[in-house]
Amino acid sequence: MVLASLFLATRGTLAHGGRAPFTFWGGFTRSAFPCQKAIARAARLCAVRTVELRQRCSRNSDLPTCSPDQVEARRRTIELQSLDLISAACNDRAAVEVGFLGTIEAQSDIATVCSRVDRDLRDFFDLAARAASDDRTCANTVAGSLTQILRTATDLWVRAFDRMAFKVLAPSRKNLLVTRTRQRISLAAAKLAHTGNQNCRESFVLSTFGEPLEQLLSRPARLAECVTGAAFVQDAVHCDPNP
């Protein structure tokens, strides 16, 4: 209760664009928690479904539904459907309690991070789509691995932060959740890299994507922290400044 009281005392300033100190963040009221959960779900769905769209079209780039205009239209639909989750679950009071200026700012932040994920990863899917037929299996493996680590990392972060948002936890417990989540993500990335390196020639990965698979997978893992920081307004897991 002491932690919750301290956090309530700071919310007046935090609602003006600052991040809550992780020590005091979380344990939201029953009226605000559904809003926080919806914001996190919207962030995850927008980022992951957009990347899944890019991956599918990297495998089937000749399909009419994978033309640039069609992909952009579908990406925009994914974004709007995700933002609708926020408007359905949040009012301005709840959005302010969890750290935003209001519902509109929450939606704007989620749209921004979703666009960033797409911007930072889509070139790799385009490179995979242009691979020669002899290298398609490897290219598809790389594209699939990028998608999988973003999905896994985002799921793990959202699960951990949903838990902290729902209940006031001791700082040591929250720090342990963050540490364990990073460890699980690192292990998942290492397993994907090991499998990918068995299926791919290192020379192809380097010449096509410009860096080893291990380094490639660090990109979506890092972007998952951006998604987390956009959805959960705290100062432990995020990627500010956000260009």
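A disulfide here is a pair of cysteine sulfur atoms within 2.5 Å. The model is predicted: local features need pLDDT of at least 70, side-chain atom pairs count only at pLDDT 80 or more, and totals for chains, interfaces and linings use all residues. Residues are numbered from 1 along each chain as its sequence is written, and side-chain values use heavy atoms, leaving out hydrogens and water.

**View A. Cysteine 46 and cysteine 114 form a disulfide.** The S to S distance is 2.1 Å. The S-S torsion is about -90 degrees, so the link is left-handed. Cysteine 46 lies in helix H2 and cysteine 114 in helix H5, so parts 68 residues apart in sequence are tied together. Helices are DSSP runs (H or I, at least four residues), numbered from the N terminus. Both cysteine 46 and cysteine 114 are buried (under 20% relative accessible area, 1.4 Å probe, protein chains only).

**View B. Cysteine 35 pairs with cysteine 90.** Their sulfur atoms are 2.0 Å apart. A torsion of about 100 degrees makes this disulfide right-handed. Cysteine 35 sits in helix H2, cysteine 90 in the loop between H3 and H4, 55 residues apart.

**View C. Cysteine 138 is bonded to cysteine 200.** The sulfur atoms lie 2.1 Å apart. Relative accessible area is 7% for cysteine 138 and 11% for cysteine 200.

**View D. The largest nonpolar core has 70 residues.** Such a core is a set of buried Ala, Val, Leu, Ile, Met, Phe, Trp, Tyr and Cys residues joined through side-chain atoms within 4.5 Å. Ile39, Ile110, Val142 and Phe161 touch the most other members. H6 gives the largest share, 15 residues.

Note on methods. Buried < 20%, exposed > 50% of the residue type's maximum accessible area, 1.4 Å probe, protein only. Helix = DSSP H or I, 4+ residues; strand = E, 2+ residues; numbered from the N terminus.
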